[in-house]
Amino acid sequence: MFFDTVRNNKRVVQVFLALIALPFAFWGVDSYVRGGGAGADLASVGDSKITQQQFDQAWRVHQDRMRQALGDSFRPESMNTPAARLAVLNSLVDQRLLLLEAAKGKLGASDEALREMIGSIPALQENGRFSMARYQSALAAQGLSQAQFEAQIRQDLTLQELVAAIGDTGVAASSETERILAIQSEERQVAEFRIAPGQFAGQVRIDEEALRKFYDENGKRFEIAEQARVEYVLLSLAARIGQTAVKDADLKDWYESHRDRYQQGEERRVSHILILAPSGESEQAKARARADELLDEVRKSPARFADLARKHSQDPGSAGKGGDLGVVARGTMVKPFEEAVFSLRENEVSGVVQSEFGYHIIIVTGIKAARQRTFAEVRPEIEAELKQQAAQRRFAEDAEAFSNIVYEQPDSLQPAAERFNLKLQTSDWLPRNPAPAAVASLGHLGNARILAAIFSDDSVRNRRNTEAIEVAPNTLLAARVVEHRPASVRPFADVKADIQAALMLQGEAALARSAGEARLAELRQGGADSVAWTPPRKLARQDARQLPPEAAKAIFGADVHKLPVFVGAAAGDGGYVLYKIVRVTQPERVDEARRQALQREYAQILGQEDFAAYLAGLRQRYRIDINKAALERKER
């Protein structure tokens, strides 16, 4: 989806995305290009409402993202919790707060930024260059007008500007950076002595009773999971679309019989001056009076419209452009605004027009007459649509017949494969309960319903076909067990030697640790240092990942005011390591690039904190009401 490309553009402010995960809905001062949603409100932010329609859109996006992240492990019913729905609603509240502040601060994205953003979307490019044909086709597929889509992108860019203005204000003081850098750059010279578990070989005795006890208490470690190999067939709409062809004559016939669908309506280039209408009768009266004053100025000198818009318009999206809103079409604006726009002649100025956003003074700067889009322009759209329709009809018919055949001829999938020209495929061994990390590698066979059907009694004992199961939208799969391995536990005799080896290693590791801890205690108490230490090596905090976590914690957590200092830690191989810290130093010179990188990282952290505090402050300044009863109804 080309929307995802827009959302993931590298210019999106990362600190903001970390705090608000949902895309912005069509809303805000720029939203005079469309009407609001209908239905009961789920929340209000000041005088602004968040409707059920807007919440449902955000919830669908949230579910889609979870589905993409979890794959076949996604279970929508388990995600549909009151806490999850409240979190999505709170994200919408945060977005609305930012939109209100953007409007108040007259922030807006330039036409140049808008063009650059849209032109950079790969899905809208052909041979590396922006393609208007692809742009129009993509918008049609999404059910959007050009004005609607560009309004949304402009809104996103505006909010990015607001977020950047706050998130980029984090300033890391040089003194703080130096202090952190000094801690990170500190080097400790450390010698070590390793006590290996192998030194205690032969000192551990494991009797038969201990082996048997371990086997009895750890039976699951010796289980062999139930497994099956299956043959299966897959019927999908995607494959049917690829197999579907449409004749040129049919495409032309469709075009001729649906010419009205490909009429591009009249479009007008519009500029306006907006005076926001605050709540309260007296304030609204002042706003109307101000709009009347500006209208008088415009009518005295229409050529000054752009200058007056830059100085006085309260629409952050267009004021900086002299009030220019670009090209608009019917059906993309709120009713009062649209009626005024399409009643004017070119270069004619309207009276004061009132909408839900305030008071507008409008001028039409250009008129583009309606025209019929040519067959060549719309051929790709028609072909895709007719292929989809034909494949959908064929798939609907095939799906029912496919389900019937695999049920009525349960001893083989060959008849279904031959009837629908499908490949009969064979799987590797499938576990009954695969680990979550392994589910994706199983593809459609990792679907929970398919696995349950495969390992059902009828499938395993009678080798009957499973029912046709929808494993993805418009994708059916039927399987048949060809080989089965029941779950079992390996006999004690088969695993006895492995248990004995494991218990021997455990015993040797315990002796190594005990010996190491005893020697460490002696050294700390001032005992003779007769340990054969390795030559000291320098270790820095930023290199701590080269050490086992327990060792790094011991070395860099030690008090080094009086040297030498002795510490110890368990080794990954079951042994124990003694460390002798003999010297602590600071490097003479720290790489400037590293210093700057640290300062930027620290500033980003401060910026995140500032932004979180800014959002918290907005929540205090605006009245926010959550309709919990309505949200609970949506949850049910």
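# Structural briefing: cores, helix packing and local backbone features

Asn474 is partly exposed, with a relative accessible area of 28%; here, buried means under 20% relative accessible area, exposed over 50%, and partly exposed in between (1.4 Å probe, protein chains only). The model is predicted, so local features need pLDDT of at least 70 and side-chain atom pairs count only at pLDDT 80 or more, while totals for chains, interfaces and linings use all residues. Residues are numbered from 1 along each chain as its sequence is written, and side-chain values use heavy atoms, with hydrogens and water left out.

**Overall composition**

- The chain has 24 helices and 22 strands; helices (H or I, at least four residues) and strands (E, at least two) are DSSP runs numbered from the N terminus.
- Of the 636 residues in the chain, 43% count as buried.
- Among contacts with a separation of 6 or more, 74% join residues 24 or more positions apart, where contact means heavy atoms within 4.5 Å.
- The chain has an accessible surface of about 34100 Å², and carbon and sulfur atoms account for 49% of that surface; accessible areas come from the Shrake-Rupley method with a 1.4 Å probe, and for residues only the protein chains shown count as cover.

**Nonpolar cores**

- The largest nonpolar core holds 27 residues, of which Ile50, Phe55, Leu89, Leu98 and Leu162 touch the most other members; such a core is a set of buried Ala, Val, Leu, Ile, Met, Phe, Trp, Tyr and Cys residues joined through side-chain atoms within 4.5 Å.
- Two or more residues of this core come from each of strand E1 (41–45), helix H3 (52–70), helix H5 (82–104), helix H8 (146–167), helix H23 (592–621) and helix H24 (628–635).
- H5 gives the largest share of this core, with 9 residues.
- Leu162 touches Leu98, Glu101, Ala102, Leu107 and Tyr614, when residues up to four places away in sequence are not counted.
- A second, separate core has 18 residues, including Leu235, Ala399, Ala401 and Phe420.

- In helix H10 (residues 208–217), the buried residues are Leu211, Phe214 and Tyr215.
- These buried residues fall within an arc of 100 degrees when H10 is seen down its axis, so they line one face of the helix; the arc is that of the directions from the helix axis to the C-beta atoms.
- Glu209, Asp216 and Glu217 are exposed on the other side of H10.
- The cover over the buried residues of H10 includes strand E18 (488–489) and helix H21 (492–524).
- The axes of H10 and H21 cross at roughly 105 degrees and come within 9 Å; axes are lines fitted to C-alpha atoms, for helices over the stretch in contact, and angles run from 0 to 180 degrees between N-to-C directions.
- H10 is therefore roughly perpendicular to H21, a label given to angles of 65 to 115 degrees, whereas those under 35 count as roughly parallel, those over 145 as roughly antiparallel and the rest as oblique.
- On the H10 side, the contact involves Glu208, Ala210, Leu211, Arg212, Phe214 and Tyr215, and on the H21 side Phe492, Val495, Lys496, Ile499, Gln500, Leu503 and Gln506.

- Helix H12 (residues 248–257) packs against H16 at an angle of about 105 degrees, with the axes 9 Å apart.
- H12 is therefore roughly perpendicular to H16.
- H12 makes this contact through Asp248, Asp250, Leu251, Lys252, Trp254 and Tyr255, and residues of H16 that take part include Phe375, Val378, Arg379 and Ile382.
- Val378 lies in helix H16 (residues 375–408) and counts as buried, at 0% relative accessibility.
- Apart from neighbours within four places in sequence, Val378 is in contact with Tyr255, Tyr262 and Arg373.
- Val378 and Tyr262 are 116 residues apart along the chain, and their C-alpha atoms are separated by 7.6 Å.

**A buried glutamate**

- Glu231 is in strand E7 (residues 227–236) and counts as buried, at 14% relative accessibility.
- Beyond its neighbours within four places in sequence, Glu231 is in contact with Leu413, Leu424, Gln425, Thr426, Ala478, Ala479, Arg480 and Val482.

**Local backbone features**

- Most residues other than glycine have a negative phi, and most peptide bonds are trans.
- The peptide bond from Leu563 to Pro564 is cis, with omega near -5 degrees, and Pro564 is in the loop between helix H22 (549–556) and strand E20 (565–570).
- Asn421 has a positive phi, near 55 degrees; Asn421 is in the loop between helix H17 (414–419) and strand E14 (425–426) and is exposed, with a relative accessible area of 67%.
- Asn474 also has a positive phi, of about 60 degrees, although it is not a glycine, and Asn474 is in the loop between strand E16 (469–472) and strand E17 (475–485).
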